[in-house]
Amino acid sequence: MSSAPDGPDESLGSDDPLDHAALTSTLNSMLVYAKAAHFNLTTPRRRAITQLAPAHQSILEPYYSNYLASIDRAITTNSQFLQLVAQIGANDFEAPQDRSSWQGATALQVDQTKGTLKQLFRDWSAEAKAERDVIYNPVIDALNRLFTDDERSTTRVLTPGAGLGRLAYEIAAEGYSSQANEFSFHMIIMSNFIINHTEEDYQFSIYPFIHSFSHNVSARNQLREVRIPDVCPSKNQSRSKGDFSFTTGSFVEVYGPQTNASEQAITEKWDAIVTVFFIDTAHNVLDYIDTISYALHDANEKASYWINFGPLLYHFEDEQSTRFENSSGSSYDESNLSVELPLDKLVEVIETAGFVFLELKTGIKASYASDPKAMGAWIYDCVFWVARKRRPGEEYVSFVDRVTDQN
Ligand SMILES: C[S@@+](CC[C@H](N)C(=O)[O-])C[C@H]1O[C@@H](n2cnc3c(N)ncnc32)[C@H](O)[C@@H]1O
């Protein structure tokens, strides 16, 4: 297995000021995490308790002060881990040595850093195996039905929107030639750290649940330590039979037909594209469909497949509405454009784009980076499908009715 991510992408170490700003502000969001977390989590709660009536204070103390002190200690541990990740990220992705030239982090980026700790739990902890199994196993099982054991090492599987890379890593572990693609610096920096810089199983401690004071059965659950990675990629190389690589940049730009970053474009075609909790991240899902179709083999030459698992939580739905209300009508900002199709129409559009569905199942209950010990969890009713690129003129039975029949 080759190491992955396969080093900094051209676009990241480039002179592009946007990339430079995005990289350095993301690194800064890891460096300022502790300050922001103390400020937002424990400082206001300490102040609040001093404002309670003495009778209430005496009921809650010293429990509450001890509770907040434990949260502070957990923040410190998270921060030490994030400092190390940022240091290695700065080095690997060639951020300027002079940190004073780095772009400041926004509050949203600091929130994303907290989210990355939850994402680490999802992808690289033993405790989240049950969540992963529901989602990743059907995808891997489908690949194993479509390709024989002998074909695996020459079968190219692409996972766009790969997050922290666990699924793409598991696909490589099954013996496929697996490539992950991501465009978020939080995901790129953290996956690079886990994949290339951890040395032992369960090497690091993090506290991913401390940021929420709701839905906790006990302070102990909120404050529980999670050790990552449950499988250290570099230590378990014998586990990974297939080739594994990681690309950075927008899926449509790197793999699509109309890339404006031509030197980045990957022109070799794919046998399978795996999208998990991804298709609803598009401004326009038709762009993703076009890119998937373009990146898969020509159906006349070789059968190629699209495997999808996930919900339809269109990420830009709310932003579009807000922008529309605020715009005068003449200067609508297309970067917040959002095209949201219900599943039945989406299936029809995918068929029209040249795919034939082989399997489709709706209503599969799955969580996402969810604390299994919390008193509340968001559960998605996901859709899973396997589709094949259709040969020109090939007859097919539409699956649109299956969507409505299953609901
Ligand atoms: C909801 S997360 C799912 C991550 C992963 N597939 C999983 O199941 O854990 C969606 C991911 O897609 C990435 N993403 C969104 N739009 C992208 C794009 N245009 N190109 C590449 N990655 C993208 C995001 O950064 C995010 O990591």
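A: Strand β1 (residues 156-160) is largely enclosed by the rest of the structure, because five of its five residues are buried. Here buried means under 20% relative accessible area, exposed means over 50%, and partly exposed lies in between, with a 1.4 Å probe and protein chains only. Strands (E, at least two residues) and helices (H or I, at least four) are DSSP runs, numbered from the N terminus. The model is a predicted one, in which local features need pLDDT of at least 70 and side-chain atom pairs count only at pLDDT 80 or more, while totals for chains, interfaces and linings use all residues. Residues are numbered from 1 along each chain as its sequence is written, and side-chain values use heavy atoms, with hydrogens and water left out.

In a regular strand the side chains alternate between the two faces of the sheet. On β1, both faces are covered: R156, L158 and P160 are buried on one side, and V157 and T159 are buried on the other.

Two strands pair with β1 in the lines of this account, where pairing requires that DSSP finds at least two bridges between the strands. Strand β2 (residues 177-182) pairs with β1 in the parallel sense over five bridges. Within this pairing, T159 stands opposite A180 of β2. Between β1 and β2 the chain passes through helix α7 (residues 166-173), forming a right-handed β-α-β crossover; right-handed means that, with the strands pointing away from the viewer, the path from the first strand over the helix to the second runs clockwise. Strand β6 (residues 272-276) is also parallel to β1, with two bridges, and A272 of β6 is the bridge partner of V157.

Elsewhere in the chain, strand β9 (residues 380-389) is mostly covered as well, with nine of its 10 residues buried. It pairs in the antiparallel sense with strand β7 (residues 305-310) over six bridges, and N308 stands opposite W385 in β9. Strand β8 (residues 355-366) also runs antiparallel to β9, joined to it by nine bridges; there, V356 has R388 of β9 as its bridge partner.

N221, in helix α9 (residues 219-222), counts as buried because its relative accessibility is 15%. Not counting residues up to four places away in sequence, N221 touches F209 and K373, where contact means heavy atoms within 4.5 Å. F213 is found in the loop between β3 (204-206) and α9, and its relative accessibility of 21% makes it partly exposed. Leaving aside neighbours within four places in sequence, F213 is in contact with L41, R45, Y67, L68, I71 and Q222. The C-alpha atoms of F213 and L41 are separated by 8.9 Å, although the two residues are 172 apart along the chain.

For the whole protein chain, there are 14 helices and nine strands, and 52% of the 407 residues count as buried. Of the contacts between residues at least 6 apart in sequence, 78% join residues at least 24 apart.
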